Amino acid sequence: MKILVTGATGYVGHELALALANQGNQVHIIVRNLISKNIPRHENIIVYRGDITDRSSIRNAMQGCAQVYHTAAVVKIFSKDPSVFYNVNARGTHNVLAEALDLGIKKFVYTSTCAVLGSSIQFPKKETDPRTESFDNDYEFTKYLGENLVKEYAHKGLFTVIVSLSKVFGPGIETHQISVNNIINKFIHGKITFIPKPISIVSNYCFINDIVTGHMLAMQYGLGGEKYILGGENISYDTFFRELRSLSRSRARLVPIPKVVIKTLAVIDWIKFLVTKKEPFVTVKGIRHIYINKEFDNRKAIQQLHYQPTPFKEALKQTIHFLKPEHHDQ
Amino acid sequence: MTNKKYTLITGASEGFGKALAIECATRKMNLVLVALPGPEIFYLADFIKCNYNVDVIGIEADLSMEENYIMVFNLIQELGIAVNMLINNAGLGGTMLFSEGPISFYKKQIKLNILATTLLTHLFLDTLKTNGPSYILNVGSLSSYFFLPKKQVYGATKSFIYCFSKSLNRELKKSNISVSVICPGNMNTNISVTQLIKTSNWFSRHSVMNPEDVAPVAIDGLLSKKEVIIPGRLNKIFLLMNTLLPSFIKKTLIGRQMNTLKSVTATELKEKTILFTEIQNSLTA
């Protein structure tokens with residue numbers, strides 16, 4: 001089958017394109033830079049030069065495809081030029097949807113984020129749970145706009161499924177500065193690691209292999225117009241690093257950091273940004289996100305998509321092996 | 001006497017109404033949530049019931065239609081629910097030249113903002129008296145203090161709410177019912193408003209408050225029987241300036257502020273396509 005994957009030079013899109021190609025599908029991908037080192041290379045992958053902000057390039061790559069996985073997005077906490085979020089995550093999504101409807105694409109899977117659902121209160125958040133806090137960053141807000149556009153196109157007759165990912169980790173290419181992989185990597189290589197205090201704060205972590213399969217399951221079994229959380233286990237920072245330490249036998253120091261300290265750092269970072277124009281590593285607004293519980297409920301995907309998330313310990317083991325191969329060879 | 005007491009909130013599925021519902025739930029108040037037809041209100045009701053351990057009933061009703069006030073009232077009577085707090089939040093906003101708005105829109109705005117508040121309050125008056133001490137919170141607007149261009153009808157409906165609430169509060173003191181009116185400034189209530197605020201001037205950007213930050217101020221004010229609640233420091237300063245500045249300065253300031261605001265109505269904003277052109281406009285601007 002001919003399948004289009006946008007965002008194939010991103011972490012999730014890259015692994016997804018390879019998995020689909022390995023199954024014998026002809027995978028079309030759109031890339032902005034033909035010599036990017038992040039392009040997935042496979043005999044079944046056809047590379048098109050283009051950009052989701054340019055409709056004709058989407059049309060060119062989408063022609064003849066039966067299915068579309070739209071994983072492309074700007075994923076950052078901050079950008080000097082916020083319009084990039086609107087151009088890519090909202091307008092770009094609109095372009096891909098419009099072409100998909102026009103070209104009669106049979107099924108469309110949109111990669112979104114659990115961040116749109118916001119923080120959890122007492123129980124893990126479900127797909128239909130309301131967000132309780134206002135949007136305070138352009139990334140989450142434009143992914144929310146993207147979801148609304150997908151719903152709008154579902155009304156127009158396009159068969160759409162939304163998948164919401166939590167914090168993804170596991171083998172694959174490195175595309176962000178702050179990723180779960182990056183944190184794991186530093187820790188297992190013995191570097192001092194700062195974690196938010198209280199260490200009892202809970203987040204949801206999902207394994208890249210599950211995310212790739214989850215996308216394909218959503219394409220196969222997902223009901224039109226529905227949304228599915230592709231998440232893993234809800235675990236505290238404390239449990240996360242305890243598991244990581246016991247599996248990797250790392251002796252890295254863990255330093256819990258109270259909110260005030262990071263806030264101060266964020267202010268310093270912001271001043272640095274104003275002076276040097278270097279994008280800040282943490283922002284005052286962004287801090288809120290690491291000091292609240294973000295638990296998600298993956299039962300809908302398990303029941304309706306036959307999604308089977310890998311146990312956290314096993315996923316972590318594979319990730320450590322990928323990031324520090326010599327560890328297991330010793 | 002053993003009966004549980006309930007707080008009725010209209011327009012509860014999004015924005016300020018949703019924030020008020022969650023704020024009340026954190027204070028362990030049972031809720032009756034009324035919102036436009038659609039599954040969202042039941043999702044919200046379920047979510048609050050599970051996460052805050054209070055009782056929540058969701059009712060779908062379009063309060064711009066008169067027959068629905070009675071429907072809501074009768075339904076609550078049938079369920080035998082004791083309401084001791086009424087929050088009239090449902091309302092329709094809009095920023096546009098008077099000539100731009102269709103008559104149907106103004107009719108709907110007046111019905112929802114004025115009629116629904118007045119008649120629901122009247123319908124529930126006896127219930128509130130029996131379940132006292134009772135509270136009524138009406139949602140006004142800071143714009144009722146300033147006679148803003150492009151907010152003629154909206155501002156006037158909110159002035160009605162302001163006068164109605166203050167007068168009623170004095171009248172109902174003896175009946176153990178307290179009436180408060182909250183006059184918020186700009187709020188981040190729905191995505192389109194968020195977008196609008198991003199494109200407007202310094203004051204609008206800095207005075208904008210998140211509904212989840214306004215809600216606790218509203219409920220605190222209501223429970224302490226404040227007649228008028230003004231949330232936000234900047235809004236209070238703005239109001240003080242309004243009483244101190246000579247009128248010719250105010251006129252020029254307001255004129256300049258409103259020129260930067262694009263005309264938008266809440267109904268238009270339901271259509272995501274319009275939102276989209278707005279994004280594009282703001283990007284090219």
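Predicted model: local features only at pLDDT ≥ 70, side-chain atom pairs only at ≥ 80, totals over all residues.
How many bridges join strand 4 of chain A to strand 5 of chain A, and in which sense do the two strands run? Four bridges join them, and they run parallel.

Residues are numbered from 1 along each chain as its sequence is written, with chains lettered from A and ligands numbered from 1 in the order in which they are written.

**View 1. Chain A as a whole.** Chain A comes to 12 helices and 12 strands (helices are DSSP runs of H or I with at least four residues, strands are runs of E with at least two, and both are numbered from the N terminus). Its radius of gyration is 20 Å, close to the 20 Å that the globule rule gives for 330 residues, so chain A is as compact as a globular protein of that length. For the record, that radius is taken over C-alpha atoms, and the rule is 2.2 Å times the number of residues to the power 0.38. Along the principal axes, the C-alpha atoms fill a box of roughly 55 × 45 × 40 Å. Of the 330 residues, 44% count as buried (20 or more other C-beta atoms within 10 Å of the residue's own; exposed is 12 or fewer, partly exposed is in between, and C-beta atoms are placed from the backbone). Take the contacts in chain A between residues at least 6 apart in sequence, and 76% of them join residues at least 24 apart (a contact has C-beta atoms, placed from the backbone, within 7 Å).

**View 2. Strand 4 of chain A and its two partners.** Strand 4 (residues 67–70) is covered on both faces: Gln67(A) and Tyr69(A) are buried on one side, Val68(A) and His70(A) on the other. Strand 1 (residues 2–6) runs parallel to strand 4 and is joined to it by four bridges (pairing takes at least two DSSP bridges between the strands). Within that pair, Val5(A) stands opposite Tyr69(A). Tyr69(A) also stands opposite Val109(A) in strand 5. To get from strand 4 to strand 5, the chain passes through helix 3 (residues 83–102), in a right-handed β-α-β crossover. Right-handed here means that, with the strands pointing away from the viewer, the path from the first strand over the helix to the second runs clockwise.

**View 3. Strand 6 of chain A, covered on both faces.** Six of the six residues of strand 6 (residues 160–165) are buried, so the strand is largely enclosed by the rest of the structure. Thr160(A), Ile162(A) and Ser164(A) sit on one side, with Val161(A), Val163(A) and Leu165(A) on the other. Strand 5 pairs with strand 6 in the parallel sense over six bridges, and Thr113(A) stands opposite Leu165(A). The link from strand 5 to strand 6 goes through helix 4 (residues 138–155), again as a right-handed β-α-β crossover. Strand 10 (residues 226–230) also runs parallel to strand 6, joined by five bridges, and here Leu165(A) stands opposite Leu230(A).

View 4. Chain B has 12 helices and nine strands, and 39% of its 285 residues count as buried. In helix 1 (residues 15–26), 10 of the 12 residues are buried, so the helix is largely enclosed by the rest of the structure. Among them are Phe16(B), Leu20(B), Ile22(B) and Cys24(B). The buried residues pack against several elements of chain B, including strand 1 (5–10), strand 2 (30–35) and helix 8 (211–223).

**View 5. Where chain B touches chain A.** The contact takes 17 residues from chain B and 19 residues from chain A. On the chain B side, the largest share, five residues, comes from helix 2.

**View 6. Ile161(B) and its contacts.** Ile161(B) lies in helix 5 (residues 152–172) of chain B. It has 24 C-beta neighbours inside 10 Å, which is why Ile161(B) counts as buried. Leaving aside neighbours within four places in sequence, its contacts are Asn113(B), Thr117(B), Asn138(B), Gly140(B) and Val181(B).

Key:
Contact = placed C-beta atoms within 7 Å.
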